[in-house]
Amino acid sequence: MQSLNFLIKPASGLCNMRCRYCFYEDEAANRAEASAGRMSRETADRLIEEAFAALEPRGRVTFAFQGGEPTLAGLDYFRHFVARVAQCNTKRVQVDYAIQTNGLALDEEWADFFAAHRFLVGVSIDGTKTIHEQLRPDAAGRSTWNRVTRNLALLQKKKVETNILCVVTRPCAKSPVKVYHALQKLGGRFLQFIPCLDPLGAPRGSMEYSLTPELYADFLCGLFDEWYLDWKNGRYTSVRLFDDYVHLAMGMPSGTCATSGSCGSYLVVEGDGTLYPCDFYCLDEWKLGRLGEQGLEQFLSCEKAQAFLAQGEQPPAECAECPCRSLCFGGCKRDWYTDESGTHNYFCPAFRRFFSYAGNRLAEIARAEALARR
């Protein structure tokens with residue numbers, strides 16, 4: 001194989017925060033075994049060995065760590081992991097490391113480690129201090145803003161490559177301008193905004209933090225105005241979703257599965273070595289098996305994995321005639337729902353309104369970027 005991408009949960013769903021909207025806590029609660037526990041060195045070694053056995057010489061592998069909170073696996077786990085990778089990488093494979101963290105447990109030792117091994121560190125911060133404090137307390141119910149932002153500043157001081165991930169909730173969606181500029185003031189030059197998910201089985205929009213299509217449209221349009229103004233004035237800040245749309249408008253591939261029209265760009269590896277095809281589908285229904293039961297290539301080509309991919313390539317029928325299709329591709333499968341009239345994307349009204357509002361300016365940026373690359 002030429003490339004492999006893993007999303008590893010070294011501490012499973014264990015976490016030192018209690019975010020009000022945590023989708024993985026809800027997802028784990030809907031499995032026969034909620035927590036897979038911390039990943040052993042033996043499981044980590046097996047993953048690494050099988051990855052390099054499957055990869056072709058001079059291929060590429062991404063090891064991304066998420067949770068729960070992945071730092072709860074401990075710094076020694078990560079030290080062992082990168083050391084074992086170095087031992088196994090006899091084919092001169094390009095290795096990329098990334099971690100998504102709430103930032104709470106970080107200190108100078110962690111920052112030095114990330115800098116030394118060139119980790120891309122995503123830190124989760126929900127926009128403004130008020131919104132963050134409302135939705136992201138620690139396990140004891142205490143404030144986390146000061147600790148998280150202090151640790152983000154430490155990473156930046158150590159020259160660690162960072163981005164900020166913000167979950168778009170109801171209160172966040174009501175303040176797109178404040179949220180955008182608050183994250184910029186924290187030094188965020190690479191931002192990712194993802195819409196929050198309601199619990200499995202709950203009616204969409206029914207929770208106090210829920211995001212409705214109307215609110216999401218308001219957020220995207222308000223955010224885009226500020227982002228476009230910065231681009232126009234030469235103060236560019238990367239917003240992952242908008243970057244994807246510009247790339248698609250340029251005829252280039254997008255950088256995320258949610259905007260590419262296909263699933264299956266990575267394998268999730270739970271703490272006990274259980275494999276799933278997607279972070280949003282770590283459920284018993286989509287369990288592919290466990291490391292060691294068969295090779296990675298067999299897992300990726302198994303009947304269940306192929307069925308998952310096939311579902312992701314069947315967007316709602318209404319997408320076929322939609323003028324936004326070349327930029328939207330039906331959106332993320334996790335947002336699809338079915339009623340008596342067929343399958344729909346919950347956020348379809350938001351996307352339609354956004355593309356109508358911002359389409360000409362996205363095309364303007366795409367033209368300018370294409371000219372600049374000549």
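Helices (H or I, at least four residues) and strands (E, at least two) are DSSP runs, numbered from the N terminus. With that in hand, strand β4 is mostly covered, as five of its six residues are buried.

A quick word on provenance, friends. This is a predicted model, in which local features need pLDDT of at least 70 and side-chain atom pairs count only at pLDDT 80 or more, while totals for chains, interfaces and linings use all residues. Residues are numbered from 1 along each chain as its sequence is written, and side-chain values use heavy atoms, with hydrogens and water left out.

Now the sheet. Two strands pair if DSSP finds at least two bridges between them. What order do the strands of the open sheet take? Reading across, it goes β7-β6-β5-β4-β3-β2-β1-β8-β9-β10, which makes 10 strands with mixed pairing. Strands of a sheet pair through backbone hydrogen bonds, either parallel or antiparallel.

Let's walk along part of it. Strand β3 (residues 94-101) pairs with β4 in the parallel sense, over five bridges, and Tyr 97 has Phe 119 of β4 as its bridge partner. Further along, β5 (residues 161-168) and β6 (residues 190-195) run parallel and are joined by five bridges. There, Ile 164 is partnered with Leu 191 of β6. Leu 191 also stands opposite Val 239 in β7, and β6 and β7 run parallel with two bridges between them.

On to the nonpolar cores. By that I mean a set of buried Ala, Val, Leu, Ile, Met, Phe, Trp, Tyr and Cys residues joined through side-chain atoms within 4.5 Å. Which residues have the most contacts inside the largest core? They are Phe 6, Phe 63 and Phe 81, in a core of 103 residues. Helix α9 (residues 213-232) gives the most to this core, with 11 residues. Contact, by the way, means heavy atoms within 4.5 Å. Not counting residues up to four places away in sequence, Phe 81 touches Ile 8, Ala 44, Leu 47, Ile 48, Phe 63, Phe 65 and Tyr 97.

Next, a pair of helices. The axes of α10 (residues 240-249) and α14 (residues 348-372) come within 9 Å and cross at roughly 65°. Those axes are lines fitted to C-alpha atoms, for helices over the stretch in contact, and angles run from 0 to 180 degrees between N-to-C directions. Who makes the contact? From α10 we have Phe 242, Tyr 245, Val 246 and Ala 249, and the α14 side includes Phe 351, Phe 354, Leu 362 and Glu 369.

Glu 56 is in the loop between α2 (41-54) and β2 (60-65). Is Glu 56 buried, exposed or partly exposed? It counts as partly exposed because its relative accessibility is 38%. The C-alpha atoms of Glu 56 and Gln 2 are separated by 5.5 Å, though the two are 54 residues apart along the chain. Leaving aside neighbours within four places in sequence, Glu 56 is in contact with Met 1, Gln 2, Lys 91 and Val 93.

For the backbone-minded, the peptide bond from Gly 67 to Gly 68 is cis, with omega near 10°, and Gly 68 is in the loop between β2 and α3 (75-88).

Arg 118 is not a glycine, yet has a positive phi of about 55°. Arg 118 lies in the loop between α4 (108-116) and β4 (119-124), and counts as exposed because its relative accessible area is 75%. Lys 159, also not a glycine, has a positive phi of about 65°. Its place is in the loop between α6 (145-157) and β5.

My last stop is Gly 103, in the loop between β3 and α4. Gly 103 is buried, since its relative accessible area is 1%. Setting aside neighbours within four places in sequence, Gly 103 is in contact with Val 123, Val 148 and Asn 151.

Terms used. Buried means under 20% relative accessible area, exposed over 50%, partly exposed in between (1.4 Å probe, protein chains only).
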